[in-house]
Amino acid sequence: MNRLLPIISLLLILLAIESKAQVSPESIDEKIENILSQLTLKEKVAMCHAQSKFSTPGVPRLGIPEIWMSDGPHGVRGEINWDNWGYADWTNDSITAFPALTCLAATFNPKLSYDYGVAIGEEARYRKKDVLLGPGVNIYRTPLNGRNFEYMGEDPHLASIMVVPYIHGVQENGVAACVKHYVLNNQELWRDHINVEVSDRALYEIYLPAFKVAIEEGKAWSIMGAYNQFRGQYCCHNEVLLNNILKEDWAFDGVVITDWGAAHDTKESALYGLDMEMGTGTDGLTLSTKNAYDNYYLANPFLEMLQSGEVPISVVDDKVRRILRLMFRTNMNPNRSFGRMNNVEHQEVAREIAQEGIVLLKNDNSFFPIDPNKKMTIAVIGENATRSMTIGGGSSELKAKYEIAPLEGIQKRFKNANIVHSMGYASGPPAYARVIPSPYDADSLKRAAIEVASKADLVLFFGGLNKNHHQDCEGGDRLQYALPFGQNELIDELVKVNNNFGVVLISGNAVAMPWLPKVNGVMQGWFLGNETGHAIADIISGDVNPSGKLPFTFPVKLEDNSAHHFGEISYPGDSIKQIYKDDIFVGYRWHDTKKIKPLFAFGHGLSYSSFNISNATSSKKTYTPGEEITLTCKVANTGSKDGMEVVQIYVGKPNSKVERALKELKAFKKVNLKKGENQTVQVSFNADDLAFYDESISDWNLEKGTYLISIGNASDNIVSEIEISIK
Ligand code: BGC
């Protein structure tokens, strides 16, 4: 027996560890209080601000770990130096680059959003990150916003449905998602100070919903405040946004993190909702001889206010409780997995999202797909056929393990064809916050491309934007709606010598297409990550049938967009403030209501097959508040290829007592159908989703009466309408 004693006690210890590992929420709260009681004031304050570019200090004395963060949102960013923005040149930090979030939104497939979240969460975990700085859900308001590519489009319902599974997937790995940028950071120009004035109605109906569901349903463990101001107060310490809406109304129990350098005042940061300050200027540690981080607003100045009693201790305690809660969910959670990185499954997820997100915009005479077995000469023209798009763009820049460019993908798939590439135009090398002119001579590039195009059987033009300053890039907006670098003129010249012509646009934004009538096919290719070339070749060859839908409207011209319609005070503002005069009429809501025909509508996207949506019915004619409204319709694949279609449900309220958009997306479902197959599809939403935000009562108001439900496969292709009423 004596000899068994050590074994028994070892077993007991293991059992104790095991039962400790399965911590219940109550015991976490107790642990938090226990730790809090052992911390000095200085240690508490230290936890509320950075110790390096991407980490906050732990409490070494108590074995409490540091918190490590990384961008986000399309892959885990390469390691950055401790004190400056230089890359640390590690050799073990190359990752899977996933498609940008506009592409994810264009899939209209929440399942893929979950797969995305799981995969990127696993990579973040393997890279030992506790917080992933993403996803981003700022609303697409103007095509000039340099960061639209990082977000999920113009529609609050689409963004809401897509953001939740991403967060769940990430957080299953014991890595916190950090939803950003809360809120109204809808342009990059003057982002660090512009004061946004917007009505409560537009705030609640358009700009907040995706953040709200990210917190309430996604249960995001952290959120990033935006750079800009809202009603005269910086978003990172904003009483209304953070204290009232986020923490009180939505009961957010996680951590509010600043955007990098977005805190501006100690007392406001202390009192108006900020929990953790990051990125305040420290380059070269010029602010202090010892430790610049001590000079952060939430560092020594905060400590002094707490010591003098100007700010009560309960304020720092609340912040530290939140930070410890985040830690028990992440780096102090003994059950979290170890993650994995660059595995085939992640690469497959990246490829699948890219395939499903690519949108076929135009396809005259079945230009696409192009037979991969045919012997022919294909002219692949344009800088974007070979340019790396994981590099650049700002904080979402990635160090991809590999990146298949479009040209490479086409060369691999079209083995029987003679592929000739010509650059056609040049934009200059990648650079952040500045433009380096291209060293190439534009005229000779153009001449060479015309020569190549004239001898080919067909031309594939790869153009669009790139991740440089004033393109799709953080820190600046686009300067024009037109394609840059002389691409329009080049396309005009090329179609003259060869009109068997298709365009693949690589961008995260809408662009003007004055040449549209002259070309046969147009595809929206987004920024697709390391599987770019494979996914594009999959679609061009017809190996995969396109099923992406536009997550935002392409206006014909900039003035057709609502933010621009109202002049400079609406976009970009007068440099001090801007007024969202477009109010709730963002994107298709504006185009529909004002009958301004877009170039391509929200929800539009073609297939190599054809689909028929019919027999739409509602289970009842009259509903009461809170009731589920269920619609049924038949979707048939009437073409000759298997494929997917997205049934889209929009609702409008004729004779409303307030101004309303003609219709708003309330539900959608992606359906996978074999050729010739049909399916009965059910889609539902809640009657309460039809309410408008009533400023007179500061609450949602569900009007009684008749509503018009429109069913279609694009916002401008409605095939059936049903009237229902709310009693
Ligand atoms: C961006 C954030 C990013 C942070 C850290 C900021 O400039 O706005 O989105 O997470 O930098 O890189």
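A polar contact is a pair of N or O atoms within 3.5 Å, and this cut-off is used in reading the views of the predicted model below.

**View 1. Polar contacts between the ligand and side chains.** In the side chain of D71, an N or O atom lies 2.5 Å from an oxygen atom of the ligand, a distance that falls within the 3.5 Å of a polar contact. An N or O atom in the side chain of R147 is 2.7 Å from an oxygen atom of the ligand, while for the side chain of K180 the corresponding distance to a ligand oxygen atom is 3.0 Å. The ligand taken alone exposes 310 Å², and the protein buries 96% of that area.

**View 2. The shell of residues around the ligand.** The ligand is surrounded by 15 residues, of which D71, R147, H181, D259 and E474 are the closest. Sorted by class, this shell holds 6 nonpolar, 2 polar and 7 charged residues.

View 3. The protein is divided into domain 1, covering residues 344–549, and domain 2, covering residues 611–726. The centres of domain 1 and domain 2, taken over C-alpha atoms, are separated by 35 Å, and the contact takes 5 residues from domain 1 and 9 residues from domain 2.

Note on methods:
Residues are numbered from 1 along each chain as its sequence is written. This is a predicted model: local features need pLDDT of at least 70, side-chain atom pairs count only at pLDDT 80 or more; totals for chains, interfaces and linings use all residues. Side-chain values use heavy atoms; hydrogens and water are left out. A residue is near a molecule or strand if one of its heavy atoms lies within 4 Å of it. A polar contact is a pair of N or O atoms within 3.5 Å; within protein, one must be able to donate a hydrogen and the other to accept it, and residues adjacent in sequence count only if both atoms are side-chain atoms. Accessible areas come from the Shrake-Rupley method with a 1.4 Å probe; for residues, only the protein chains shown count as cover. Ala, Val, Leu, Ile, Met, Phe, Trp, Tyr, Cys and Pro count as nonpolar, Asp, Glu, Lys and Arg as charged, and the others, Gly among them, as polar. Domain bounds come from an automatic or database domain assignment. Contact means heavy atoms within 4.5 Å.
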